[in-house]
Amino acid sequence: MNSGFLDKFIERIGRVGPEEVQNYLLQLAREKGFLETIFNAIHEGVIVTDGKGRISYLNQAACDFFGLQMQDCIGKLLSDRIRGLDWAALAESEKVVSRDMEVFYPQNRFINFYVVPLNVEKPAGKKSRVAKQELAGYAIILRDITESRRSTAETIESERLSALTLLAAGVAHEIGNPLNSLDIHLQLMERKARKLPEEFRADMRKSIGVAKEEIQRLHYIVNQFLHAIRPSALELRPENINTLLRESVSFLEAEIHDRSIIVEEELRPDLPMMEVDRNQLKQVFYNVIRNSFQAMQTGGILKIKTDMDDSHVFINFTDTGGGIPADKMAKIFDPYFTTKKGGSGLGLLIVRRIIREHGGEIGLINDEGQGLTFTIRLPFRDQRIRMLEGGSSSGLNVPPQS
């Protein structure tokens, strides 16, 4: 709002006639509406509170960040509307405070915000001719930093996997050869054990069996580790995604029956043929579906849905397994992190590697206490670019989270 106009209006308010008041009020209303239009058009969130932290204004972007309704927030405490925000600690500082936060609802994203105290001049009193600054409230500016956070995380992950790849070759050699040698010697011991008296033979066979099982487990761990981080050449062929999904579900039919799980399919019939590696993509589907089964234990519903837009095919897997605790969401793609007893913690790492090699991405929507939606986003292989309308837009197209 034009401060010069407001100052002049306040100075003249005693001399303003009734017929002029309406004109001034109309001008104030127009300027207020103009500013609100601007604030609602920007991508940054803006929240204004009074000195006690009650919301006096917020724009549409702020509402979208936290899933709020504007009309339900005015006059309410900010700490009541944004759970987990330690407003008391933020308001203690008399300077600008900047923090980052992670938001899980309505979309998982990272927000940077800074809190600016709003001070107004208090008229000088009789005893002092110097005007004092009085706290009138706070302005909170919010900015979505999800993309930059993810980009940084991907760079760190890429560097980490490069180091792990170099390490993996040495690990495979140093562990694989001794394991093969141990396996051969155990076979020789097993043959010699057959010549022992019966009272010793059973104990010896049991010990050899345990040793062979442990060797096989180590072989499996090494192979899984190598498979998770080592890129493999894709054998691309035109495939129907719906067909691959049906084959994957059919392959797991026995497990579906044993666990008493209902699989609901909503497969869009007009999906285009996709250039994909059939075997690797089915491995992705097996891992994701099995993860859903293990999350639901016995019983539950798994919904598999396919859809598309003008450039990508989407495959959604939604289970009723209760979701993932919020404090573990950021770790689920870490090597060897697992919430399942006996899990290797490499399944989702393999899934993400395969999807990224196909040029796709993975999205997660976690509804803690209800379930998890796992989304795979794959591009059309024959579409290298897509022209954007307007030609001057610099905005980023972010895939929907729900």
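A search of the whole structure, a predicted model in which local features need pLDDT of at least 70, side-chain atom pairs count only at pLDDT 80 or more, and totals for chains, interfaces and linings use all residues, finds three aromatic pairs. Rings of Phe, Tyr and Trp (its six-membered ring) are taken to pair if their centres lie within 6.5 Å, and planes under 30 degrees apart count as stacked, over 60 as edge-to-face and the rest as tilted. Residues are numbered from 1 along each chain as its sequence is written, and side-chain values use heavy atoms, with hydrogens and water left out.

One of these pairs is formed by phenylalanine 251 and tyrosine 286, which are tilted at 35° between the planes and lie 5.0 Å centre to centre. This pair links distant parts of the chain, since phenylalanine 251 belongs to helix H8 and tyrosine 286 to helix H10, 35 residues apart; helices (H or I, at least four residues) and strands (E, at least two) are DSSP runs, numbered from the N terminus. Phenylalanine 251 counts as exposed at 54% relative accessibility, whereas tyrosine 286 is buried at 18%, where buried means under 20% relative accessible area, exposed over 50% and partly exposed in between (1.4 Å probe, protein chains only). Phenylalanine 285 and phenylalanine 317 form another tilted pair, with 6.0 Å centre to centre and 50° between the planes. Phenylalanine 285 lies in helix H10 and phenylalanine 317 in strand E10, so this pair ties together parts that are 32 residues apart in sequence. Phenylalanine 285 is buried at 0% relative accessibility, and phenylalanine 317 is likewise buried at 0%.

Strand E10 takes part in an open sheet of five strands, with the order E7-E9-E10-E12-E11 and mixed pairing; two strands pair if DSSP finds at least two bridges between them. Strands E7 (262–267) and E11 (361–367) stand at the edges with a single partner strand each, so one side of each is left without a neighbour in the sheet. From one strand to the next, the twist averages 15°, with axes being lines fitted to C-alpha atoms, for helices over the stretch in contact, and angles running from 0 to 180 degrees between N-to-C directions. E11 and strand E12 (residues 371–379) run antiparallel and are joined by seven bridges, and asparagine 366 stands opposite leucine 372 in E12. Helix H8 (residues 241–251) packs on the sheet, touching E7, E9, E10 and E12, and its direction makes about 170° with that of E7. Helix H10 (residues 278–296) also packs on the sheet, touching E7, E9, E10 and E12, with its direction at about 145° to that of E9; contact means heavy atoms within 4.5 Å.

Elsewhere, strands E1 (residues 45–50) and E2 (residues 55–58) run antiparallel, joined by three bridges, with valine 48 opposite tyrosine 57 in E2. The two strands form a hairpin with four residues between them, and glycine 53 in the turn has a positive phi of about 90°. Threonine 49, placed in strand E1, counts as buried at 2% relative accessibility and touches residues including Trp87, Ala136 and Tyr138.

Under the rule that a disulfide is a pair of cysteine sulfur atoms within 2.5 Å, the count comes to zero. The nearest cysteine sulfur to that of cysteine 63 is in cysteine 73, 5.7 Å away, which is too far for a bond. Cysteine 63 is buried with a relative accessible area of 2%, and cysteine 73 is buried with 0%.

Conventions: Lists of a residue's contacts leave out its neighbours within four places in sequence.
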